[in-house]
Structures are given as structure tokens and as C-alpha cells.
Amino acid sequence: MLLYHVAMQFRDNRQSVAHADQVLSALQNLSTSVQEAETSTRVYVLTGDPSYLAPYDHALSSYRASFEQLRSLIADNPGQQARLGNLQPHVEAGLQILQRLVELRRDEGMVAVLLQVNPDANRREMEMIRSSIVAMRDEENRLREQRRQKYDASVRRTGELF
């Protein structure tokens with residue numbers, strides 16, 4: 001019976017570390033999607049070359065998938081859910097700004113972009129997004145370390161039993 005209990009703890013601890021790794025991966029995917037959308041938008045605005053919109057479009061679809069995966073993965077963590085809830089409006093606002101830049105450049109040209117866009121608004125949203133993702137990543141790393149310590153202890157206990 002003791003061996004079964006230790007084996008179940010070992011399995012649960014291993015799964016909790018793997019879960020934290022999945023959350024960290026989803027956060028990285030979300031961050032990458034936002035950065036890719038921002039970069040491809042800037043290049044498109046500067047060049048006017050519509051081929052740069054392909055990465056932008058891909059980033060938008062990747063963002064949505066990453067966001068939903070992340071929402072699912074943190075369903076058991078109210079603190080992370082709150083952070084994600086605070087992050088979402090900033091991501092939506094940032095993406096709306098990027099969409100507006102693309103539309104202005106495509107429909108009215110570079111002069112319209114220069115006359116109508118407030119670069120500080122875009123910068124503020126992107127900084128909020130980055131800092132929110134960093135806060136979520138820091139929290140998940142903290143949880144992962146706690147879980148890893150439990151996992152390491154269960155490895156030792158399992159080894160001692162054998």
C-alpha cells in the first residue's frame with residue numbers, strides 16, 4: 001500500500017511539472033505571436049509590401065489559438081486566470097492598433113499613418129502586454145520550481161523504497 005501511495009505521488013508530481021512546462025510553452029507561443037504581429041506590421045507599414053501581411057495574419061490566428069490553450073491550461077489557477085483576464089484587453093487593444101496601422105497604410109498610404117497614428121499608444125499597449133506575460137511567466141516558473149522540488153522528493157522516496 002505504501003508503495004502504491006508513493007508511486008501515485010510520483011506520477012502526480014511529474015504531471016504537475018509537465019503541466020507547468022505546458023503553461024510556459026503556451027505563454028511563449030502567445031508572446032511570439034504578439035511580437036510577430038507587431039514586427040510584420042511595422043515592416044509592412046514601412047515598405048508597403050503586402051507579402052509582409054502573411055506573417056501578420058498567421059500571428060493573429062496563432063495568438064487566438066495560444067490564448068485559448070493558455071486559458072484551458074490555467075483553469076485550475078485563479079491567480080493566473082486573473083492575470084490572463086487583465087492581459088486580454090491589452091492584447092486586443094494592441095492588435096486593434098496594429099490592424100488600424102495596416103488599414104491606414106493599405107488604404108491611405110504612409111502619410112496617413114504618420115498623421116493619424118499615436119506611436120505612444122502602441123508602445124504603451126505592447127509594454128503592458130510584455131509585462132503581463134512576464135508576470136505570468138514568473139509565477140509559472142515559481143510554481144514549476146515548487147512542483148519540481150516535490151517531484152525530486154518523490155523520486156528520492158521511490159528510490160528509497162526500492
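Author: Happy to! By the rule used here, there are 8 salt bridges, and please keep in mind that the model is a predicted one. Side chains of opposite charge can pair when their charged atoms come close.

Let's start with a pair that reaches across the chain. Arg144 and Asp21 join their side chains in a salt bridge, with 2.4 Å from N to O. Arg144 belongs to helix α5 and Asp21 to helix α1, so that the bridge links distant parts of the chain, 123 residues apart.

Glu38 and Arg42 form a salt bridge whose closest N and O atoms are 2.9 Å apart. Both residues sit in helix α1, 4 residues apart, about one turn of the helix. Glu38 has 6% relative accessibility, and because buried means under 20%, Glu38 counts as buried. Arg42, by contrast, is partly exposed, with a relative accessible area of 48%.

Helix α5 has a pair of its own. In the salt bridge between Arg142 and Glu139, the closest N and O atoms are 2.6 Å apart. These two are 3 residues apart in helix α5, which means about one helical turn separates them. Arg142 counts as partly exposed at 40% relative accessibility, whereas Glu139 is buried, with a relative accessible area of 16%.

Arg130 takes us to a cavity: it is one of the residues lining the largest cavity, alongside Ser31, Val34, Gln35, Ile129 and Ile133. The count comes to 1 cavity of 30 Å³ or more, and the volume of the largest cavity is about 30 Å³. Which elements supply at least two residues each of its lining? They are α1, spanning 2–47, and α5, spanning 119–161. By class, that lining has 3 nonpolar, 2 polar and 1 charged residues.

Arg42 takes us to a pocket. The largest pocket holds about 280 Å³ of space, and Arg42 is among its lining residues, together with others including Thr41, Val45, Leu46, Met110, Val113, Asn122 and Arg123. Two or more lining residues come from each of α1, α4 (110–116) and α5. Of these elements, α1 gives the most, with 4 residues. Sorted by class, the lining of the largest pocket has 8 nonpolar, 2 polar and 2 charged residues.

Staying with helix α1, let's look at Ser40, which has its place in that helix. Ser40 is buried, with a relative accessible area of 5%. What does Ser40 contact, leaving aside neighbours within four places in sequence? Its contacts are Tyr52, Pro55 and Tyr56. Another residue to look at here is Leu53, in helix α2. Leu53 and Ser40 are 13 residues apart in sequence, with 6.5 Å between them in space, C-alpha to C-alpha. Leu53 counts as buried at 14% relative accessibility. Leaving aside its neighbours within four places in sequence, Leu53 is in contact with Tyr44 and Val102.

Finally, step into the loop between α1 and α2 (53–73), where Gly48 is found. Gly48 has 27% relative accessibility and therefore counts as partly exposed. Setting aside neighbours within four places in sequence, Gly48 contacts Val43 and Arg105. For a sense of distance, Gly48 and Gln96 are 48 residues apart in sequence, and 19 Å apart in space from C-alpha to C-alpha.

Terms used
Residues are numbered from 1 along each chain as its sequence is written. This is a predicted model: local features need pLDDT of at least 70, side-chain atom pairs count only at pLDDT 80 or more; totals for chains, interfaces and linings use all residues. Side-chain values use heavy atoms; hydrogens and water are left out. On a 1 Å grid over the protein atoms alone, a cavity is a set of points where a 1.4 Å probe fits but cannot get out, and a pocket is an open set with protein on both sides within 12 Å along at least five of seven lines; lining residues have an atom within 4 Å of a point. Grid points are joined across faces, edges and corners, and a volume is the space filled by probe spheres set on the points. Ala, Val, Leu, Ile, Met, Phe, Trp, Tyr, Cys and Pro count as nonpolar, Asp, Glu, Lys and Arg as charged, and the others, Gly among them, as polar. Buried means under 20% relative accessible area, exposed over 50%, partly exposed in between (1.4 Å probe, protein chains only). Contact means heavy atoms within 4.5 Å. A salt bridge is a side-chain nitrogen of Lys or Arg within 4 Å of a carboxyl oxygen of Asp or Glu.
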